[in-house]
Amino acid sequence: MGAACSVIPDLDVIGFRFGIPYGDFWGHRGFTHSLVFAALLATAVMFIGFRRVLPGLGRVPLWTYFLLATASHGFLDAMTNGGLGVAFFAPFDNHRYFLPWTPIRVSPIGIGRFFSDRGLAVLQSELLWIWLPAALLALSIWLMRRRGAPSP
């Protein structure tokens with residue numbers, strides 16, 4: 001569910017088919033990339049998929065996980081070197097923001113354009129700035145848990 005939450009914000013590209021301009025409230029990197037949307041999606045996931053409390057995991061930590069999984073998409077998009085920025089504060093403010101550091105190459109929109117030299121450069125950028133740090137974090141957590149686990 002967390003992985004799904006992290007990609008759902010990009011469903012806003014459907015708006016291009018309906019003539020919704022990129023910089024619009026409903027445009028790409030608009031409302032679906034906002035913190036309010038992240039909170040609403042996390043709430044919906046909790047009500048639909050997790051009506052019962054999971055053993056050893058409370059509602060607030062689980063909701064926070066889904067919120068962060070969804071919001072991470074907007075933050076990573078705000079670290080790209082292209083586009084119009086991210087409407088973090090929609091619906092209250094549709095201004096688009098970038099973070100001060102933008103090392104990630106912006107991905108082309110459309111699957112056909114992704115399979116090109118530019119798409120390969122984007123994949124290399126994402127491997128370096130997203131997947132490698134995520135893998136190192138996961139490995140670190142796994143090692144810390146393993147170290148803290150009692151011996152059999």
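Which residue forms a salt bridge with Asp77, and how far apart are the closest N and O atoms?

Mentor: It's Arg29, and the closest N and O atoms of the pair are 3.4 Å apart. Before we dig in, some ground rules: this is a predicted model, where local features need pLDDT of at least 70 and side-chain atom pairs count only at pLDDT 80 or more, while totals for chains, interfaces and linings use all residues. Residues are numbered from 1 along each chain as its sequence is written, and side-chain values use heavy atoms, with hydrogens and water left out.

Now, back to your pair. A salt bridge here is a side-chain nitrogen of Lys or Arg within 4 Å of a carboxyl oxygen of Asp or Glu. Searching the whole structure turns up one salt bridge, and Arg29 with Asp77 is a pair that forms one. Arg29 sits in the loop between helix 1 (2–7) and helix 2 (35–49) while Asp77 is in helix 3, so the pair ties together parts 48 residues apart in sequence. (Helices are DSSP runs of H or I, at least four residues, and strands are runs of E, at least two, numbered from the N terminus.)

Are the two partners buried or exposed? Both Arg29 and Asp77 are buried, where buried means under 20% relative accessible area, exposed means over 50%, and partly exposed is in between, using a 1.4 Å probe and protein chains only. For Arg29, the relative accessible area is 4%. The backbone of Arg29 is worth a look too: its phi is near 65 degrees, a positive value in a residue other than glycine. For context, most residues other than glycine have a negative phi, and most peptide bonds are trans. Elsewhere, the peptide bond from Ala90 to Pro91 is cis, with omega near 10 degrees, and Pro91 lies in the loop between helix 3 and helix 4.

Staying with helix 3, have a look at His73, which is in that helix and counts as buried at 11% relative accessibility. Leaving aside residues up to four places away in sequence, His73 touches Ser6, Val7, Pro9, Asp10 and His33, a contact being heavy atoms within 4.5 Å.

Tyr65 is in helix 3 as well, but this one is partly exposed, with a relative accessible area of 46%. The C-alpha atoms of Tyr65 and Ala42 are 8.1 Å apart, though 23 residues separate the two along the chain.

Finally, the aromatics. Rings of Phe, Tyr and Trp (its six-membered ring) pair if their centres lie within 6.5 Å; planes under 30 degrees apart are stacked, over 60 edge-to-face, and the rest tilted. That rule gives eleven aromatic pairs. One of them joins Phe31 and Phe37 edge-to-face, 5.8 Å centre to centre with 80 degrees between the planes. Phe31 and Phe37 are both buried, and together with Phe25 and Trp26 they form one aromatic cluster.
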